[in-house]
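Please look over the sequence and the model, then read the notes grouped by topic.

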Amino acid sequence: LESLAASRPLNPTVSVRKVVIAFVLLAVVTGGVLSWFASTHPDGLEWAIQKIIGQTELAEQEQGVAPILKNIQEKTAILPDYNFKPAADAAKQNEQAPAWPGIEAGTSVAGIIGAIMVLGVILLLGIGIKAVRRRHT
């Protein structure tokens, strides 16, 4: 990448701000809209577990730290299962197979938050790499 940047530097008319805005907009569209089309089938890990034990999830532990942490997570999770916390009556009604595409506001919010968190981590890594390079030069 460094040799590419040296041989073909970024055009001075390209604004870094516009590039960042474009990436944020792409993240919002990807996380907010494309997340509706995520598969309703088990992912690779769930599929593998199902092939081995016949269920998509492992049995929960009844003792130790795991149940305590699960209780804390259930009480504090903002977007459990990539959606808003359902009311008790709505949770019973939603036990049927999920519709596809799953157009849900909670799914969009979870996707947008996740995409922005990833962009934030990338930005922090870039700033960190730039700071380290400045120290060494």
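How many of the 12 residues of H4 are buried? The count is 0, and H4 is hardly covered. The model is a predicted one, and the protein in it has 6 helices and 0 strands.

**Overall make-up**

- Along the sequence, the pattern of the protein reads α-α-α-α-α-α.
- The protein has 137 residues, and 9% of them are buried.
- The protein exposes about 11,900 Å², of which 65% is supplied by carbon and sulfur atoms.
- Among contacts with a separation of 6 or more, 63% are between residues 24 or more positions apart.

**Helix H4**

- Helix H4 covers residues 65-76, which gives it 12 residues.
- From its first C-alpha to its last, H4 reaches 17 Å, close to the 16 Å expected at 1.5 Å a residue.

**The loop between H4 and H5**

- Phe-84 and Lys-85 both belong to the loop between H4 and H5, where H5 is the helix of residues 88-93.
- Is Phe-84 buried or partly exposed? Phe-84 counts as partly exposed because its relative accessibility, 41%, falls between the limits of 20% and 50%.
- Leaving out residues up to four places away in sequence, Phe-84 touches Ile-78, Leu-79, Ala-105, Gly-106 and Val-109.
- The C-alpha atoms of Phe-84 and Ala-110 are 8.9 Å apart in space, while the two residues are 26 residues apart in sequence.
- Lys-85 has a relative accessible area of 43% and is therefore partly exposed.
- With neighbours within four places in sequence set aside, the contacts of Lys-85 are Glu-74, Lys-75, Thr-76, Ala-77, Ile-78 and Pro-80.
- One of these contacts, Lys-75, is 10 residues from Lys-85 in sequence and 10.0 Å from it in space, C-alpha to C-alpha.

**Helix H6 and its buried residues**

- Which residues of H6 are buried? They are Gly-106, Thr-107, Ser-108, Ala-110, Gly-111 and Ala-115.
- The buried residues of H6 pack against H2.
- Thr-107 has its place in helix H6 and is buried because its relative accessible area of 15% is under the 20% limit.
- Apart from residues up to four places away in sequence, Thr-107 touches Gly-31, Ser-35, Tyr-82, Asn-83 and Gly-102.

- Ile-112 is found in helix H6 and is partly exposed, with a relative accessible area of 25%.
- Which residues does Ile-112 touch, not counting residues up to four places away in sequence? Ile-112 touches Val-28, Gly-31 and Gly-32.
- Along the chain, Ile-112 and Ala-27 are 85 residues apart, and their C-alpha atoms are separated by 6.6 Å.
- Leu-119 also lies in helix H6, and its relative accessible area of 25% makes it partly exposed.
- Beyond its neighbours within four places in sequence, Leu-119 is in contact with Phe-23, Val-24 and Ala-27.
- Leu-119 and Ala-27 are 92 residues apart in sequence, with 8.1 Å between them in space, C-alpha to C-alpha.

**The second largest pocket**

- Rolling a probe the size of a water molecule over the atoms shows where empty space is left.
- The second largest pocket has a volume of about 470 Å³.
- Its lining has 13 residues, and the closest to the pocket centre are Val-16, Val-20, Phe-23, Ile-122 and Leu-123.
- Which elements give two or more residues to the lining of the second largest pocket? They are helix H2 (16-32) and helix H6 (105-136).
- H6 supplies the largest share of this lining, with 7 residues.
- By type, the lining residues of the second largest pocket divide into 10 nonpolar, 2 polar and 1 charged.

Methods. Residues are numbered from 1 along each chain as its sequence is written. This is a predicted model: local features need pLDDT of at least 70, side-chain atom pairs count only at pLDDT 80 or more; totals for chains, interfaces and linings use all residues. Side-chain values use heavy atoms; hydrogens and water are left out. Helices (H or I, at least four residues) and strands (E, at least two) are DSSP runs, numbered from the N terminus. Buried means under 20% relative accessible area, exposed over 50%, partly exposed in between (1.4 Å probe, protein chains only). Contact means heavy atoms within 4.5 Å. Accessible areas come from the Shrake-Rupley method with a 1.4 Å probe; for residues, only the protein chains shown count as cover. On a 1 Å grid over the protein atoms alone, a cavity is a set of points where a 1.4 Å probe fits but cannot get out, and a pocket is an open set with protein on both sides within 12 Å along at least five of seven lines; lining residues have an atom within 4 Å of a point. Grid points are joined across faces, edges and corners, and a volume is the space filled by probe spheres set on the points. Ala, Val, Leu, Ile, Met, Phe, Trp, Tyr, Cys and Pro count as nonpolar, Asp, Glu, Lys and Arg as charged, and the others, Gly among them, as polar. The expected span of a helix is 1.5 Å times one less than its number of residues.
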